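Trainee: I have a model open and would like to learn how to read it. Where do we begin?

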Amino acid sequence: MKRIVYILSVLILIFACNNSKIYKIKGRLSNLNNTTLYVVYESPEGNAIDSLTYDEKGNFVVSHGQEDNLQAITFYYNNREQWFTVYPETGKTVQVKGDAKYPALIRINGGQINNKLTEFKKNVGTILKEQSDISGSWEENPLSNSESVSQLANINLELKRSAQDFISRNPNEKASAILIDEYFTNPDEMEQTEYLLNLLSPELNDYYIVKKLRSQIAKAKSTMAGAKAPDFKVTNIYGQTVTPDSFLNKYFILAFTALWCDMCQTEVMMLDEISTEYPKDSLGILLVSLDDELDDVREMLQQDTIQWNLVTDSAGQAIHLFEKYNVSSLPKCFLMDKNGIIKLKTANGVELKQTIDEIMR
């Protein structure tokens, strides 16, 4: 009898030890449109992609061993248009429940990070639901865009305030770093990102999201006013090679644009007026367009009286420059001085024109 009790005790211990090394996620979602979840497993070694099916009630289970060294698991559904992310901990079973129509409101419990993020989402649940409803109605009724944009802007501002308050109150939590990553990573507002990161405990400096954010901040600083403009080498639509050295001893505008962007048109950004007012030997302009349809670009050029120095994305060049200069929205213009130092970064044509007038006169 003692031997049987001993064996059972050993088996229980072994099972408990093995179970403590397992990542396990149990979920149940309502209002799913199909039977497939696409799963992305993130680890320091890279990402792995898999898929799984759930039953008619929306139940699913995921488990992985400790050797996977997982940092996050993201689940995509409804034709990969919606998703939610789980932060697994070995030995913890994570419970996922909610309405698939509201991914931001899905409750994820189990482990310190998930619990804290769910706490935050619970506190702002009404705002998150309103955000989702407005976004959905916007897609269904494009005519209400102007009002929707205003409403969403106010909601986003309120969410950012709530996130900043949570971060201030929870400087030791990894969930705070995740909220910074979610709400405060605009390349043009990295000062706020850095401020919030500095509120976090030094113990989080090695957390992978904090490291990623620090890297983004360093990159953003490389394209702020006062920094040396990043180097590049591209070929314009006339087959000519263009580099920063092409604009030696002159001021230089690097303008990011696209034909489909109304606010990006050269007259709106006042580039037409600037180009005709100042000679090319004192001010150079390079347009970088996301358009890859050369026929459309040529048609635009034929209609314009100005011969623009233009780079398109036909060979991936525009994307490369967008990434180098941290451009995440259009339009965007950089003004460099004669030494290649960034003097101005703006989306406002009036501001660009006024700055050039002050410099050139």
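Mentor: Begin with the definition of the elements: helices (H or I, at least four residues) and strands (E, at least two) are DSSP runs, numbered from the N terminus. By that rule the protein has 11 helices and 15 strands. Lys116, for one, is found in helix H2. This is a predicted model, in which local features need pLDDT of at least 70 and side-chain atom pairs count only at pLDDT 80 or more, while totals for chains, interfaces and linings use all residues. Residues are numbered from 1 along each chain as its sequence is written, and side-chain values use heavy atoms, with hydrogens and water left out.

Trainee: Is Lys116 buried or exposed?

Mentor: Buried means under 20% relative accessible area, exposed over 50%, and partly exposed in between (1.4 Å probe, protein chains only). Lys116 has a relative accessible area of 16%, so this lysine is buried. Across the protein, 42% of the 361 residues count as buried.

Trainee: What does Lys116 touch?

Mentor: Contact means heavy atoms within 4.5 Å. Setting aside neighbours within four places in sequence, Lys116 is in contact with Phe166, Asn170, Glu173 and Ala175.

Trainee: Which residues does Thr118 touch?

Mentor: Thr118 also has its place in helix H2, which spans residues 112-123. Thr118 is buried because its relative accessible area is 11%. Not counting residues up to four places away in sequence, Thr118 touches Arg107, Ile108 and Asn109.

Trainee: Where does Lys92 lie?

Mentor: Lys92 lies in the loop between strand S6 (82-86) and strand S7 (93-99). With a relative accessible area of 41%, Lys92 is partly exposed. Beyond residues up to four places away in sequence, Lys92 touches Ile22, Lys24 and Gly111. Lys92 and Lys24 are 68 residues apart along the chain, and their C-alpha atoms are separated by 6.8 Å.

Trainee: At what angle do helix H5 and helix H7 pack?

Mentor: Axes are lines fitted to C-alpha atoms, for helices over the stretch in contact, and angles run from 0 to 180 degrees between N-to-C directions. Helix H5 (residues 174-183) and helix H7 (residues 208-221) pack at about 35 degrees, with their axes 9 Å apart. The contact is made by Ala177, Ile178, Ile180 and Asp181 of H5, and by Ile209, Val210, Lys212 and Leu213 of H7.

Trainee: How many of the residues in the contact of H5 with H7 are nonpolar?

Mentor: Ala, Val, Leu, Ile, Met, Phe, Trp, Tyr, Cys and Pro count as nonpolar, Asp, Glu, Lys and Arg as charged, and the others, Gly among them, as polar. The contact of H5 with H7 has 6 nonpolar, no polar and 2 charged residues.
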